[in-house]
Amino acid sequence: MKELEMTGSKDIFQKCASFEEANRVRQLGVYPYFRSIEETKGNEVICNGQTKIMIGSNNYLGLAQDPRVIEAACEAARKYGSGCTGSRFLNGNIQLHEQLEAELAEFLQKEAVLLFSTGFFVNQGVLATLLEDGDAILCDRENHASILDGCKQSAAKTIPFAHNSAEALRRRLERLPETAGKLLIVDGVFSMSGDIVDLPAMTKVAKEYGCRIYVDEAHALGVLGPRGEGTVHHFGMNQDVDLVMGTFSKSLGSMGGFIAGPEYVVDYLKHKARCFMFTASLAPAVAGGVLKALQILKKEPELMEGLWKNTRKMHKGFKELGFQIGTTQTPIVPIVIGSEVKAFMFAQKLFEAGIFATPAVFPAVRYGEAIIRTSYMSTHTDQELDYVLETFARLGRELGVFEEAAYTGGTKKNGYDFSSNNAEIIKNLRKSSGDAASESAASGTPIPR
Ligand SMILES: Cc1ncc(COP(=O)(O)O)c(C=O)c1O
């Protein structure tokens with residue numbers, strides 16, 4: 001802009017103008033993000049008029065499509081309107097919010113629960129509000145981005161430690177002043193690797209050093225624990241954990257999140273957490289749908305049984321085919337590809353074959369360890385899952401995933417990535433997978449029903 005140049009000011013848009021990575025991927029025809037979904041039908045989505053089996057959601061129990069949940073959401077909207085148009089603090093506190101908090105507290109066996117408009121806000125709001133200058137947050141290196149952002153927003157010092165290592169945690173704690181306020185924060189289930197946190201070992205160390213404990217149950221709610229209460233209940237350690245957060249954007253099929261813990265802490269957050277106070281409350285349809293989903297989860301253990309049956313099938317199936325799936329113990333199954341280019345190409349070819357899954361690349365995973373992040377639902381059929389395995393096997397062979405050791409264990413960098421131009425590599429990958437046909441493949445392969 002002329003005027004700006006004349007002032008000599010730095011243009012804050014310059015970085016956007018020179019941002020090339022996304023366009024490079026688009027030009028190569030393998031851009032895997034923001035795929036437009038025209039309709040969702042159970043385990044399938046329609047994109048460009050074609051049906052794709054969804055193995056890239058966090059809808060573990062299929063409740064986002066449950067007619068009872070949808071009806072409860074509609075009923076809440078009819079009763080209260082399409083939105084609350086304000087914060088809980090002021091005009092946006094409806095009875096449904098309070099009922100959902102009470103039922104969640106009872107389910108999780110915690111004194112009190114506070115709802116937030118997203119799970120991201122929970123982690124940001126709670127960390128920024130509870131931790132002060134001079135305090136320390138002990139943070140697993142693979143914790144979710146919302147936790148990392150919450151750490152940044154708080155005045156406390158963030159101390160990362162090696163993933164899932166109680167020994168690394170101990171070494172960090174040993175160096176801290178005894179009197180400092182301390183919080184250990186971990187994901188219960190890690191969102192990319194699918195690992196379960198080693199809560200017994202972590203808790204033992206944390207307690208020795210007077211550390212409060214906070215577990216993010218985003219991917220564990222509806223997945224782990226006797227009734228789907230999460231990791232903390234899976235290990236029978238509810239008494240040992242001070243705060244538990246969860247989101248409604250996964251097993252409970254909607255959006256929003258919560259923090260659960262002692263009444264006096266929750267009451268403090270209610271009056272101090274800016275992410276809670278200065279944003280509109282959960283829309284009635286969301287609260288109504290989530291409440292129904294929670295009630296179904298409690299009453300229908302067969303949902304979790306189905307999820308675990310499918311999870312076991314996919315762990316076994318991928319391992320037998322020779323794929324590396326890291327250390328997952330849950331329905332999140334990362335298929336390690338290694339190079340970013342190959343992962344993007346793999347995802348594109350999956351899509352062309354009628355399967356919806358997205359790659360995850362740095363910084364969501366370590367550099368050189370790109371994955372296809374797959375995740376399974378209780379509602380997937382054997383036929384759908386067999387087709388997924390067959391297709392992965394075929395593409396793994398065609399794209400040379402088995403020959404080229406993908407997993408680098410964080411040491412060897414195995415990445416051609418999109419910071420450079422990979423047109424040639426993509427062309428060769430397409431060729432090696434017999435892809436004169438790739439254009440016609442894009443018009444859709446029939447998938448089994
Ligand atoms: C571990 C973890 N925590 C928190 C969040 C944020 O949840 P929400 O989608 O409700 O903002 C996510 C979302 O992906 C997550 O994976």
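A residue counts as buried if 20 or more other C-beta atoms lie within 10 Å of its own, as exposed if 12 or fewer do, and as partly exposed in between, with C-beta atoms placed from the backbone. Keep that in mind for the tour. Residues are numbered from 1 along each chain as its sequence is written. This is a predicted model, in which local features need pLDDT of at least 70 and side-chain atom pairs count only at pLDDT 80 or more, while totals for chains, interfaces and linings use all residues.

**Stop 1: P200**

Select P200, which sits in helix α9 (residues 199-208); helices (H or I, at least four residues) and strands (E, at least two) are DSSP runs, numbered from the N terminus. P200 is exposed because 12 other C-beta atoms lie within 10 Å. Now show F235 and M237: P200 is in contact with both, leaving aside its neighbours within four places in sequence. Contact here means that the C-beta atoms of two residues, placed from the backbone, lie within 7 Å.

**Stop 2: the seven-stranded sheet**

Next, colour the open sheet of 7 strands, ordered β4-β10-β9-β8-β7-β5-β6 with mixed pairing. Its edge strands are β4 (112-116) and β6 (157-161), each pairing on one side only; two strands pair if DSSP finds at least two bridges between them. From one strand to the next the twist averages 20°.

Zoom in on β9 (residues 243-247) and β10 (residues 257-261), an antiparallel pair with 4 bridges. Pick M245 and you will find I259 as its bridge partner in β10.

**Stop 3: strand β14**

Move to β14 (residues 370-375), where 6 of 6 residues are buried. A370, I372 and T374 point one way, and I371, R373 and S375 the other. Strand β11 (residues 332-338) runs antiparallel to β14, joined by 6 bridges, and I335 stands opposite I372. Strand β13 (residues 358-360) is also antiparallel to β14, over 3 bridges, with A360 opposite I371.

**Stop 4**

Which residues touch the most other members of the largest nonpolar core? Select I137, L138, L184, F258, I259, I335 and I371, out of 131 residues. A nonpolar core is a set of buried Ala, Val, Leu, Ile, Met, Phe, Trp, Tyr and Cys residues joined through C-beta atoms within 7 Å.

**Last stop: confidence**

Colour by pLDDT, the predictor's confidence in each residue, from 0 to 100. The chain mean is 92, and 92% of its residues reach 70 or more. Residues 406-415 stay under 50, with 25 contacts beyond four places in sequence. Residues 437-446 are also below 50. Where pLDDT is low, the predicted coordinates should not be read in detail.

Note on methods: Axes fitted to C-alpha atoms, helices over the stretch in contact; angles between N-to-C directions.
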